[in-house]
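I opened my notebook to record what I looked up in this structure.

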Amino acid sequence: MTNTDSNVEDVIVYGIASVFCPLDYRRRGYAARHMKELAEILRNWQSHQARVVGSVLYSDIGKAYYAKFGWTPHASNWHLEFPPVNMPKPSMAQELIQDDLGGICRRDEAVIRAAMAKPTHSGNKLVTILPDLDHMLWHIGKEDFATKYLFGQTPRAKGAIAGLPGHQAWAIWTHRYYMHPNEEPADNVLYILRLVVEGDDSANGALSRENTCFQGAKQERQIESLIAVLQHAQAEAAEWQLDHVKLWEPTPWVQDVIGKSNISHRIVEREEDSVASCLWYVDDSGHEAAPVWINNEHYAWC
């Protein structure tokens with residue numbers, strides 16, 4: 001998290017998941033009381049380790065319910081959806097295996113920290129959930145359990161990378177099965193947890209989807225690397241009988257490149273499910289603005 005002077009501080013942001021109330025006990029206020037008390041308890045929970053600044057959750061019951069208790073929907077809840085494509089994987093892209101992820105995540109974190117340390121034009125404080133190895137392994141653990149159960153084996157590829165250092169693009173992904181591929185209607189997904197393109201100056205900032213005009217020369221090498229990685233993801237989805245490839249909140253530059261490419265895709269606004277929502281602990285004076293949450297990508301989902 002940054003302060004108004006763009007100093008970067010490591011803080012705690014909690015993730016809340018699997019909120020549930022048995023059917024016989026619903027509409028009695030139990031869930032509401034639970035969320036209200038949780039908000040107060042988390043304010044100082046494990047605060048000896050670092051300052052607690054808030055918590056996030058991903059609502060599957062729309063935007064209104066959790067907002068009543070302080071978890072405001074993120075300003076941007078949307079993603080791009082691509083079809084799987086049964087094709088050879090592009091030779092320009094190489095698969096990332098699990099042993100590669102630690103180094104890739106450390107490179108990514110260093111770039112994020114440097115970008116957040118730059119002053120913003122708005123003066124807003126920024127907060128992000130770091131796309132570190134622990135986040136990736138949590139998703140991969142779910143993937144390994146499901147694919148081992150369904151198919152007796154686990155996917156080798158945990159992502160793909162293309163290009164030379166300094167001009168590389170990479171994606172880390174997870175195979176998510178909600179049912180067996182032979183069941184109907186299947187709606188299984190290859191989620192791109194994190195997408196990075198080196199040299200993308202529109203990344204790691206408080207940018208809206210309306211700001212899609214990337215200022216600066218589009219480097220052909222980065223474009224070719226990005227397309228190769230996305231096509232690799234589509235081929236991986238087809239190989240593992242997944243129905244969609246989903247990429248949450250790509251950067252303005254990535255949006256622009258995809259929009260001008262021949263890759264089939266559609267924009268999906270999430271109104272009811274996986275609605276990223278956040279509660280920030282700001283002072284009670286009313287003068288402190290809530291921070292701006294950047295990099296609302298699927299790696300942070302819980």
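**Entry 1: terms and ground rules.** I call a residue buried under 20% relative accessible area, exposed over 50%, and partly exposed in between (1.4 Å probe, protein chains only). This is a predicted model, where local features need pLDDT of at least 70, side-chain atom pairs count only at pLDDT 80 or more, and totals for chains, interfaces and linings use all residues. Residues are numbered from 1 along each chain as its sequence is written, and side-chain values use heavy atoms, with hydrogens and water left out.

**Entry 2: Ile161.** I looked up Ile161 and found it in strand 7. Helices (H or I, at least four residues) and strands (E, at least two) are DSSP runs, numbered from the N terminus. Ile161 has a relative accessible area of 12%, so it is buried. I then listed its contacts, meaning heavy atoms within 4.5 Å. Leaving aside neighbours within four places in sequence, Ile161 touches Met92, Ala93, Gln94, Leu96, Ile104, Gln168, Ala169, Trp170 and Val229. I also checked Gly29, 132 residues away along the chain from Ile161. The two C-alpha atoms are separated by 49 Å.

**Entry 3: the cores.** Next I looked for nonpolar cores. Such a core is a set of buried Ala, Val, Leu, Ile, Met, Phe, Trp, Tyr and Cys residues joined through side-chain atoms within 4.5 Å. Which residues have the most contacts inside the largest core? They are Ile192, Leu195 and Leu226, in a core of 32 residues. Several elements supply at least two residues each to this core, among them strand 4 (78-82), strand 9 (189-197) and helix 6 (252-259). Helix 5 gives the most, with eight residues. Beyond its neighbours within four places in sequence, Leu226 is in contact with Ala169, Leu195, Val197, Trp253, Val254 and Val257. A second, separate core has 27 residues, including Leu101, Ile104, Cys105 and Met136.

**Entry 4: helix 6.** I asked why helix 6 is largely enclosed by the rest of the structure. The buried ones are Pro252, Trp253, Val254, Gln255, Asp256, Val257 and Ile258. Their cover includes strand 4, strand 9, helix 5 and strand 10.

**Entry 5: Glu198.** Glu198 sits in the loop between strand 9 and helix 5. Its relative accessibility is 17%, so Glu198 counts as buried. I looked for polar contacts. These are pairs of N or O atoms within 3.5 Å; within protein, one must be able to donate a hydrogen and the other to accept it, and residues adjacent in sequence count only if both atoms are side-chain atoms. The side chain of Glu198 makes one with the side chain of Arg107 (2.7 Å). A polar atom of the Glu198 side chain also lies 2.7 Å from the backbone nitrogen of Gly166.

Entry 6: Arg270 is in the loop between strand 11 (266-269) and strand 12 (275-280). Arg270 is buried yet has no salt bridge. A salt bridge needs a side-chain nitrogen of Lys or Arg within 4 Å of a carboxyl oxygen of Asp or Glu. The nearest side chain of opposite charge is Asp273, 5.6 Å away. For charge, Lys and Arg count as positive and Asp and Glu as negative; His and the chain ends are not counted. The Arg270 side chain makes a polar contact with the side chain of His79 (3.2 Å). The side chain of Arg270 also reaches the backbone oxygen of Ser274 at 3.0 Å. At 11% relative accessibility, Ser274 counts as buried. Ser274 has a positive phi of about 50°, although it is not a glycine.

**Entry 7: backbone notes.** Most residues other than glycine have a negative phi, and most peptide bonds are trans. Gln241 has a positive phi, near 55°. Gln241 lies in the loop between helix 5 and strand 10. The peptide bond from Glu184 to Pro185 is cis, with omega near -10°. Pro185 lies in the loop between strand 8 and strand 9.
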